[in-house]
Amino acid sequence: VTSLDIAVIGGDGIGPEVVAEGLKILEAVTGPAGPKVTTTEYDLGARRWHATGETLPASVLDEVKAHDAILLGAIGDPTVPSGVLERGVLLPLRFALEHYVNLRPAKLYPGVESPLAVERVAPDGIDFVVVREGTEGPYVGNGGSLRTGTPHEIATEVSVNTRFGVERVVRDAFARAQARPRRHLTLVHKHNVLTHAGHLWRRTVEEVGAEFLDVETAYQHVDAATIFLATDPGRFDVVVTDNLFGDIITDIAAAIAGGIGLAASGNINPERRFPSMFEPVHGSAPDIAGQGVADPTATVLSVSMLLAHLGLVDEAERVERAVAADLAERGSAPRSTTAVGDAIAARL
Ligand code: IPM
Ligand code: MN
């Protein structure tokens, strides 16, 4: 890898603030001797929508597609009707770029406090990864309203699960499980109620599992999974689940592993047909936007995932180690967004 061409979407709220720190780390870890980093910023989100009414113009999508990867801050703003930016910017990027693997690691780093009782975290610690399907499920927008505003209003939101879509994400999750020491994969769904989709997922795990006989599999209904995430997170290694269940359980996963300020993610197109997109799991946090107090750690860890995805494994590990060292020595004194970025950069 001799060059990195990154599309940068700061987006809304604290997005641009945390992304600036992520880029600081990217520059610091690659250094003058490393690959040449080029960044192009794209103005997407509330500001653009208010100014032009646009969400994700086709020309911007085309330009973004030409990069090696995307670094995204956050999309969503209280001054814009709910759903407009989410359905207009973020989800179209995930769908158009075939980010069917939404990868969300949950790792409790030394020195970081979990809200769980110590004995619940020990002895296995928290170190699992959720492979959230990213392109299907109830997110596809297959629904509608009838008789809106009447007492007989009907709203549907149909979950779409294709054999193709389920199989490709399940296969990816098996491969990730196989590459980890524990080789364990848990399917999380709700097949006792969502019988159609649930059985498709279950059958697919069974069938694909025949290609991965060294991976042990387990199944949990999503409601039970939330109990185990709060009482016995050590049982999880790799979790594969649908788009909406994955959205929900990865917030719990973030909470038990030190908070949403530390949770990183990658929206990955494993075939590399399109650039993958890396973003903190947290949102735009409008209540603290512009104050310079947001924790950029989740974005920095997302940069580590970006580097690993692009084959810069050594750089990725250096960033993760720098974050781990910073976390280990982090006191309770509040630090500004830039101070955290500087402290991590100084360790590189
Ligand atoms: C996330 C977010 C998004 C999602 C929203 C902003 C559309 O909650 O990345 O988890 O639901 O996927
Ligand atoms: Mn979410």
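Helices here are DSSP runs of H or I with at least four residues, strands are runs of E with at least two, and both are numbered from the N terminus. This is a predicted model, where local features need pLDDT of at least 70, side-chain atom pairs count only at pLDDT 80 or more, and totals for chains, interfaces and linings use all residues. Residues are numbered from 1 along each chain as its sequence is written, and chains are lettered from A and ligands numbered from 1 in the order in which they are written.

Asp223 lies in helix H8, residues 222-231. Is Asp223 buried or exposed? A residue is buried with 20 or more other C-beta atoms within 10 Å of its own, exposed with 12 or fewer, and partly exposed in between, with C-beta atoms placed from the backbone. Asp223 has 12 such neighbours, so it counts as exposed. Arg94, in helix H4 (residues 84-96), is buried, with 20.

The unreviewed UniProt entry annotates Arg94, Arg104, Arg132 and Asp223 as "binding site". These residues span 130 residues in sequence, and their farthest two C-alpha atoms are 26.3 Å apart, so they do not all gather at one spot. UniProt positions follow the numbering used here, feature names are shortened, and annotations may be inferred rather than shown by experiment.

Now helix H9. Its buried residues include Phe245, Ile249 and Ala253. Seen down the axis of H9, the buried residues fall within an arc of 160°, so they line one face of the helix; the arc is that of the directions from the helix axis to the C-beta atoms. Just after H9, Gly258 has a positive phi of about 110°.
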